[in-house]
Amino acid sequence: MKRKKIILAATSALAVLTLAACSDGTNKDIATMKGGTITVSDFYDEAKLESSNQTLVQRMIIYKVFNNKYGDKVTDKKVDAEYKKQAESLGDGFESQLKAAGYTEDSYKDYIRNNLALEAGLKAHVDITKDDLKTAWESFHPEVEAQIIKLSSEDDAKSVKEKADKGDDFTKLAKENSTDTTTKDDGGKIKFDSETTTVPNEVKEAAFKLKDGEISDVISATNASTYATDYYVVKMVKTSSKGDDMDKYKDELKEIATQTKLNDSAFTTKVIGEVLKEANVKIKDDAFESVLSAFTTSSSGSEATSDSEKSTDSSSTEKSTEATDSSETATTDSSK
């Protein structure tokens with residue numbers, strides 16, 4: 001399961017849309033003072049030029065279009081399951097991160113729903129070829145069973161390694177020394193394959209080279225959340241070899257190839273551009289006339305324009321506006 005963080009919401013951008021929506025076409029006052037007044041219109045005219053607000057409008061367009069076309073593929077059950085998964089992965093810090101980001105449970109579920117609809121739309125355009133499967137096969141390693149001990153210092157890791165080499169019980173060492181709260185109580189037991197995201201790549205690569213019962217050297221890996229260096233000692237319990245039969249792992253390879261496509265900005269840009277073009281998106285405010293131009297399909301030769309007359313032939317990418325992790329996933333702020 002991919003560990004996710006909640007990114008702080010762009011509050012200034014949200015304020016623009018909120019105030020604009022509340023204006024109902026009238027020029028309401030925000031503040032008055034001697035010699036002047038600041039109105040909703042004044043604020044909107046200033047704020048809409050900010051890059052964060054341009055990005056927000058771009059994101060809102062993409063989400064709206066994909067929800068309209070693919071929203072029926074996203075059930076409440078899927079949204080609730082993703083919400084629960086993220087809450088469990090972040091533990092006690094989840095609610096505080098939601099609050100700090102300006103989300104409620106309902107608004108964050110809307111964010112999840114948007115990402116899942118975008119992901120569903122992207123996946124609907126994935127066409128896996130034999131070459132894609134062969135590429136996935138090259139880096140694929142089937143699931144192994146191992147025990148890991150995670151430590152915060154190299155000296156601690158070396159000490160644990162020495163004890164393990166001398167025959168100390170690895171399960172006991174893990175329970176007494178590991179800083180990995182997910183595995184330590186079970187003696188460091190864990191299963192993972194080449195696509196597992198909860199185990200650092202450095203650890204996976206070292207582990208896959210071990211034979212049953214073999215213990216690794218000290219492995220250093222950069223923590224993706226804190227950017228600090230963590231240290232690992234791994235014992236292989238039951239290794240596996242993929243052999244030569246690709247068909248045996250056809251489902252796994254299809255999933256890997258699909259995720260590779262979703263991580264390819266050229267692919268996602270093309271797909272989103274096609275969907276936006278089909279939706280006949282038109283920009284009504286000249287201030288946002290270029291909001292989609294960076295994502296315009298280059299091969300089309302057209303650019304996003306204001307609605308004065310033209311519809312946009314546009315594209316973007318949720319890996320650039322971030323659908324998920326689902327795939328980390330990527331993670332973006334979403335309008336609430």
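Leaving out neighbours within four places in sequence, E202 is in contact with I219, S220, A221 and T222, where contact means heavy atoms within 4.5 Å. The model is predicted, so that local features need pLDDT of at least 70 and side-chain atom pairs count only at pLDDT 80 or more, while totals for chains, interfaces and linings use all residues. Residues are numbered from 1 along each chain as its sequence is written, and side-chain values use heavy atoms, with hydrogens and water left out.

E202 belongs to helix α10 (residues 201-207); helices (H or I, at least four residues) and strands (E, at least two) are DSSP runs, numbered from the N terminus. Between the C-alpha atoms of E202 and T222, which stand 20 residues apart along the chain, the separation is 8.8 Å. With a relative accessibility of 34%, E202 counts as partly exposed, a class lying between buried (under 20% relative accessible area) and exposed (over 50%), as found with a 1.4 Å probe and protein chains only.

Charged pairs come next. Side chains of opposite charge can pair when their charged atoms come close. The whole structure holds 13 salt bridges, each being a side-chain nitrogen of Lys or Arg within 4 Å of a carboxyl oxygen of Asp or Glu. One of them joins K109 to E105, with the closest N and O atoms 3.2 Å apart; because K109 and E105 are 4 residues apart in helix α6 (residues 105-123), about one helical turn separates them. K109 is buried at 18% relative accessible area, whereas E105, at 42%, is partly exposed.

In helix α8 (residues 154-165), K158 and E154 are likewise 4 residues apart, about one helical turn, and their salt bridge has its closest N and O atoms at 3.9 Å. Another salt bridge, between D217 and K161, has its closest N and O atoms 3.9 Å apart. This pair links distant parts of the chain, 56 residues apart, with D217 in the loop between α10 and β5 (219-222) and K161 in helix α8. D217 is exposed, with a relative accessible area of 58%, while K161, at 13%, counts as buried. Elsewhere, salt bridges that share partners join D45, K48 and D285 into one network.

D180, in the loop between α9 (170-177) and β4 (189-192), is buried yet has no salt bridge, and the nearest side chain of opposite charge, K150, is 5.8 Å away. Leaving aside neighbours within four places in sequence, D180 is in contact with I148 and K150.

Methods: Lys, Arg positive; Asp, Glu negative; His and termini not counted.
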